[in-house]
There are 2 protein chains.
Amino acid sequence: MSGRRLAILGAGAVGRSVVELAAEYGHDVVAVADSHSAAVDDDGLDAATVLERKERTGDVGETKPEAALSAGYDVLVEATPTTLGDAEPGFGHVKAALESDRHAVLANKGPVAERYADLRALERGSEGRVLFEATVGGAIPVLSTIDDYGPSHITAARGVLNGTANFVLSRMAAEGLDYEHVLAEAQDLGVAEADPTFDVEGTDAALKCVILANVLAEEGTYSLADAEVEGITNVPGSALDLAAEDGRTVRLIGEATTDGVRVGPRLVPQHDPLAVTGTRNIVQLDTTNAGRLNISGRGAGGPETATAVLSDVGRLP
Amino acid sequence: MSGRRLAILGAGAVGRSVVELAAEYGHDVVAVADSHSAAVDDDGLDAATVLERKERTGDVGETKPEAALSAGYDVLVEATPTTLGDAEPGFGHVKAALESDRHAVLANKGPVAERYADLRALERGSEGRVLFEATVGGAIPVLSTIDDYGPSHITAARGVLNGTANFVLSRMAAEGLDYEHVLAEAQDLGVAEADPTFDVEGTDAALKCVILANVLAEEGTYSLADAEVEGITNVPGSALDLAAEDGRTVRLIGEATTDGVRVGPRLVPQHDPLAVTGTRNIVQLDTTNAGRLNISGRGAGGPETATAVLSDVGRLP
């Protein structure tokens with residue numbers, strides 16, 4: 001497949017990495033927008049110039065963000081922050097792409113988790129397609145594998161899908177420390193955000209599992225409100241000690257089946273594939289004819305997630 | 001993608017499983033051949049009838065095997081036994097498909113490991129495409145992942161790619177038994193063949209690594225003769241005991257990079273992702289921008305390998 005012209009909405013870690021890596025994958029960047037500006041050039045932007053300007057001034061360009069949607073792009077990359085409920089403004093960006101018969105690739109979980117049926121309805125009315133590998137498990141090729149196997153040949157998807165929560169549980173087990181202590185350490189290291197609620201309450205893992213459930217159900221209509229979610233904030237250090245005496249540990253496990261979504265702390269054997277350590281993620285797929293697949297890798301990070309975005313761009317028809 | 005008409009060459013475990021599962025994936029089977037007969041019907045064969053006849057009489061049909069190549073198929077599935085050197089008759093079957101502008105999907109490692117450049121040259125002159133996920137790691141989606149990432153973004157592929165050798169090493173380590181003893185046990189269980197040379201000498205793992213090296217080099221011209229191969233027949237039980245004292249174990253590890261192919265017994269940490277147990281396989285991909293991916297699953301078996309074949313059929317343009 002020859003190179004595509006990309007319009008990249010969102011200039012956080014993922015958006016910036018897509019800008020940086022696009023040329024390596026043979027694509028041109030014709031627009032980049034952050035929340036208050038845009039750089040647009042239908043002949044192709046210079047990535048280094050845009051990124052340097054963003055670094056220096058905080059803005060990617062001089063025009064209004066909306067200008068990016070008017071660029072001559074083939075693929076819209078939606079990498080603005082995940083929002084819940086109506087999933088705006090991300091949903092509107094994807095809608096604009098599809099209504100003009102162009103493709104959309106999402107790193108933003110909101111539209112896929114909260115408005116999946118709306119998204120698919122827009123796609124059915126469009127020449128464009130929607131892909132969103134980057135929304136689940138960062139660099140891990142989970143959605144493409146489900147697509148290749150066929151969703152009807154996967155009976156369940158489960159795994160560790162939040163690196164921050166996994167880092168905290170791994171450290172608690174390894175060092176015998178309490179949740180609050182390890183969380184503070186993770187915040188110092190930049191692994192946990194100043195407000196870690198989304199990660200430690202299980203919301204982020206739940207959004208990913210809702211997306212998996214929607215994909216497995218093919219015409220899924222799950223949203224966050226349908227998920228049973230419990231975070232790790234009430235896991236005492238003593239629970240990890242007790243688990244260790246029994247050769248087990250605790251992980252925040254999310255599971256999606258065609259029956260729905262559950263996320264919560266679970267006991268797993270210490271050397272089980274699910275017991276990944278640190279910020280790594282893992283996804284297990286139970287298949288109808290080929291047993292269980294385990295896929296593990298980096299579940300977050302700018303270049304890692306951008307790699308998933310660019311793999312999707314390569315898979316577009 | 002709508003259903004395809006498949007001609008399936010080879011009626012061993014993999015070929016028979018493709019016949020059995022094709023309808024579940026929406027495809028028709030128009031021809032099946034074993035080494036001395038064929039069943040052909042351009043309106044579609046009944047899978048149960050063909051398989052029952054094969055079971056009862058040893059033959060899939062009443063016509064000559066060559067008749068399968070004249071069927072009205074869209075995709076030729078090459079599942080005859082792997083042969084080395086000129087890789088015939090498998091190579092000739094794939095050639096016939098491509099020269100008539102039809103697709104070929106291989107489970108047979110021979111043509112991809114021994115005649116990769118010839119295969120790609122035929123493909124360039126054809127409207128048909130060649131895919132071969134089933135040749136490496138059974139159900140594990142390794143080649144599709146490399147394809148999605150782009151071969152130039154993978155710096156190395158390594159792993160445990162032979163279930164028989166891994167079963168033997170796992171049992172030697174777990175039970176403190178010698179190679180000969182465990183091999184005999186594996187033969188009784190049907191895990192090892194009566195002549196296990198191909199598996200225990202490392203040849204099978206080397207063929208898979210040669211295929212990986214060819215894919216990573218894009219225009220690769222590696223063949224088995226280029227691989228450095230050492231099997232497990234000289235691994236003493238005492239080596240596994242010594243390794244265990246140090247928290248390690250021994251696995252038959254194959255590695256492919258753009259520099260070539262090496263296969264041999266290696267020390268790995270006991271709980272390393274590479275230390276899969278029993279007949280499971282694992283592939284590690286080192287990527288340029290997204291760290292390391294681990295993908296593990298069933299590396300052999302009829303339905304497992306057929307799943308890889310049918311995933312390839314689904315990926316065809």
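Let's start with helix α1 (residues 13-21) of chain A, which lies across β1 and β2 (28-33) of chain A and runs at about 160° to β1(A). Some ground rules before I go on. This is a predicted model, where local features need pLDDT of at least 70, side-chain atom pairs count only at pLDDT 80 or more, and totals for chains, interfaces and linings use all residues. Residues are numbered from 1 along each chain as its sequence is written, chains are lettered from A and ligands numbered from 1 in the order in which they are written, and side-chain values use heavy atoms, with hydrogens and water left out.

Helices (H or I, at least four residues) and strands (E, at least two) are DSSP runs, numbered from the N terminus. The angles run from 0 to 180 degrees between N-to-C directions, with axes being lines fitted to C-alpha atoms, for helices over the stretch in contact. Contact means heavy atoms within 4.5 Å.

Back to α1(A). Its buried residues are V14(A), G15(A), S17(A), V18(A), V19(A) and L21(A). Buried here means under 20% relative accessible area, with exposed over 50% and partly exposed in between (1.4 Å probe, protein chains only). And what covers them? The cover includes β1, β2, α2 (47-57) and α12 (302-315) of chain A.

The sheet under that helix is open, with six strands in the order β3-β2-β1-β4-β5-β6 in chain A and mixed pairing. Two strands pair if DSSP finds at least two bridges between them. At the edges stand β3 (38-40) and β6 of chain A, each with a single partner strand, so one side of each has no neighbour in the sheet. Further in, β1 (residues 5-9) and β4 (residues 75-78) of chain A pair in the parallel sense over four bridges, and L9(A) stands opposite E78(A) in β4(A). Helix α3 (residues 90-99) of chain A lies across β1, β4, β5 (103-106) and β6 of that chain, at about 175° to β4(A).

Next, some aromatics. Rings of Phe, Tyr and Trp (its six-membered ring) pair if their centres lie within 6.5 Å; planes under 30 degrees apart count as stacked, over 60 as edge-to-face, and the rest as tilted. How many aromatic pairs does that give over all chains? Two. In one of them, Y116(A) and F132(A) have ring centres 6.3 Å apart and planes at 90°, so the pair is edge-to-face. That pair links distant parts of the chain, 16 residues apart: Y116(A) is in helix α5 (residues 116-124) of chain A, and F132(A) is in the loop between β6 (130-131) and α6 (142-149) of chain A. Y116(A) counts as buried because its relative accessibility is 3%, and F132(A) does too, at 5%. Over in chain B, Y116(B) and F132(B) also form an edge-to-face pair, 6.3 Å centre to centre with 90° between the planes.

Now, how do the two chains relate? A rotation of 180° with 0.0 Å of shift along its axis superposes chain A on chain B, RMSD 0.0 Å. The superposition is by least squares on the C-alpha atoms of residues with pLDDT of at least 70 in both copies. The two copies are thus related as by a two-fold rotation axis. In chain A, the C-alpha nearest the axis belongs to I295(A), 2.3 Å from it. The same surface serves both copies, as 100% of the contact residues of chain A recur in chain B.

Three bridges join β12 (residues 292-298) of chain A to β12(B), and the two run antiparallel. S296(A) has N294(B) as its bridge partner in β12(B). Strand β12 of chain B is mostly covered, with five of its seven residues buried.

Last stop is S311(A), which sits in helix α12 of chain A. Which residues does S311(A) touch, not counting residues up to four places away in sequence? D148(B) and Y149(B). S311(A) counts as buried, at 7% relative accessibility.
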